[in-house]
2 protein chains.
Amino acid sequence: LSIAPENPVFALDSRLQQDTHVLGDFPLCRLLLSNDLNYPWFILVPRRSNITEVFQLSDDDRLQLWQETNTLAATLNTLFGADKINIGALGNVVSQLHMHVIVRYKVDVAWPAPVWGKVAAVAYNEDQLAGIRARLEGALGDDFQFAGA
Amino acid sequence: LSIAPENPVFALDSRLQQDTHVLGDFPLCRLLLSNDLNYPWFILVPRRSNITEVFQLSDDDRLQLWQETNTLAATLNTLFGADKINIGALGNVVSQLHMHVIVRYKVDVAWPAPVWGKVAAVAYNEDQLAGIRARLEGALGDDFQFAGA
């Protein structure tokens, strides 16, 4: 797959910016951590502008999004010992295309309901956030570039 | 892509069977219509047994699932004039891997919330169901085989 250079006008949606921490970049997607310690909740955002639906991506980008989604899902499943991984591209509120990849446990606060709008988010503190980053170190493969690294 | 023959022991989950109408088959997935006229809500189920997560599929099957998801999403978007397409593989209640592809409107009863668990399902009557089938005729491509056809 040939992934075109980042669109120079890519900008993360302001709502996503506000509700997440930037972890780094896969070849196509920015990886975000939802600022909600109720669940290990990750979000992939293709660094492309003006895309709201998966079928608007080029064929190469779409395959790459699917591959990054799949890699992330499998990695998180092992790393966090998930009972279930939830994957979803909804975008009813934030239209910029983004893919949720969420670790679910049978004992989490929303189980078995989907996480959206279920309980209020609980922000990570700095230590907890560092813990998540440390846990991901080395697990996401050579394709992943940590932010600030 | 080479799609292996249907696993002879594939059986649709009983809960999915109860809550949906079978529309037909793509090369990999059975296509279901959720029996809820609140939204044009479709579900793709790979005809494989003992699969609960996308990353458990073979590489070929996973690409095919993504392709069928994408084709269905683009087709429904045009056919139903969607404001947004919601795509999701959750599986917290029904563990058999299934992909939701849901047509959303800014005026639907749950907007902008996700559809799951929001309002009670309203079953289609026979005429409405025939209307949906007729609308899909010819739109899903030659790869799609209608049930009973």
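This is a predicted model: local features need pLDDT of at least 70, side-chain atom pairs count only at pLDDT 80 or more; totals for chains, interfaces and linings use all residues.
A:Asn50 sits in the loop that joins strand E3 (41-46) to helix H2 (59-79) of chain A. B:Asn50 is placed in the loop between strand E3 (41-46) and helix H2 (59-79) of chain B. Most residues other than glycine have a negative phi. The phi of A:Asn50, by contrast, is positive and near 60°. For B:Asn50, which is not a glycine either, phi is positive at about 60°.

## Fold and dimensions of chain A

Chain A contains three helices and six strands. Read from the N terminus, the order of these elements is α-β-β-β-α-β-β-α-β.

The C-alpha trace of chain A extends about 40 × 35 × 25 Å along its principal axes. A compact globule of 149 residues would have a radius of gyration near 15 Å, and the 15 Å of chain A agrees with this. Of the 149 residues in chain A, 52% are buried. Among contacts in chain A with a separation of 6 or more, 60% are between residues 24 or more positions apart.

## Surface and charge

The accessible surface of chain A is about 6700 Å², and carbon and sulfur atoms contribute 48% of this area.

## Relation of the two chains

Two copies of a chain are related by a rotation about an axis and a shift along it. Here chain A is superposed on chain B by a rotation of 180° with 0.0 Å of shift along the axis, at an RMSD of 0.0 Å. That is the relation of a two-fold axis. The same surface serves both copies, since 100% of the contact residues of chain A recur in chain B.

Within chain A, the residue that comes closest to the rotation axis is A:Gly88, with its C-alpha at 2.0 Å.

A:Gly24 belongs to strand E1 (residues 20-25) of chain A. Its relative accessible area is 3%, so A:Gly24 is buried. A:Phe144 lies in the loop between helix H3 (126-136) and strand E6 (145-146); at 7% relative accessibility, A:Phe144 also counts as buried.

A:Gly24 and A:Phe144 are 120 residues apart along the chain, yet their C-alpha atoms are separated by 7.1 Å. A:Phe144 and A:Asp127, on the other hand, are 17 residues apart in sequence and 22 Å apart in space, C-alpha to C-alpha.

Beyond four places in sequence, the residues touched by A:Gly24 include A:Cys29, A:Arg30, A:Leu31, A:Phe144 and A:Phe146. With sequence neighbours within four places again left aside, A:Phe144 is in contact with A:Leu23, A:Gly24, A:Asp25, A:Phe26 and A:Leu31.

## Cis peptide bonds

Most peptide bonds are trans. The bond from A:Trp111 to A:Pro112 is cis, with omega near 0°. A:Pro112 is located in the loop between strand E5 (99-104) and H3 of chain A.

In chain B, the peptide bond from B:Trp111 to B:Pro112 is likewise cis, with omega near 0°. The loop between strand E5 (99-104) and helix H3 (126-136) of chain B holds B:Pro112.

How values were computed: Residues are numbered from 1 along each chain as its sequence is written. Chains are lettered from A and ligands numbered from 1 in the order in which they are written. Side-chain values use heavy atoms; hydrogens and water are left out. Helices (H or I, at least four residues) and strands (E, at least two) are DSSP runs, numbered from the N terminus. The radius of gyration is taken over C-alpha atoms; the globule rule is 2.2 Å times the number of residues to the power 0.38. Buried means under 20% relative accessible area, exposed over 50%, partly exposed in between (1.4 Å probe, protein chains only). Contact means heavy atoms within 4.5 Å. Accessible areas come from the Shrake-Rupley method with a 1.4 Å probe; for residues, only the protein chains shown count as cover. Copies are superposed by least squares on the C-alpha atoms of residues with pLDDT of at least 70 in both.
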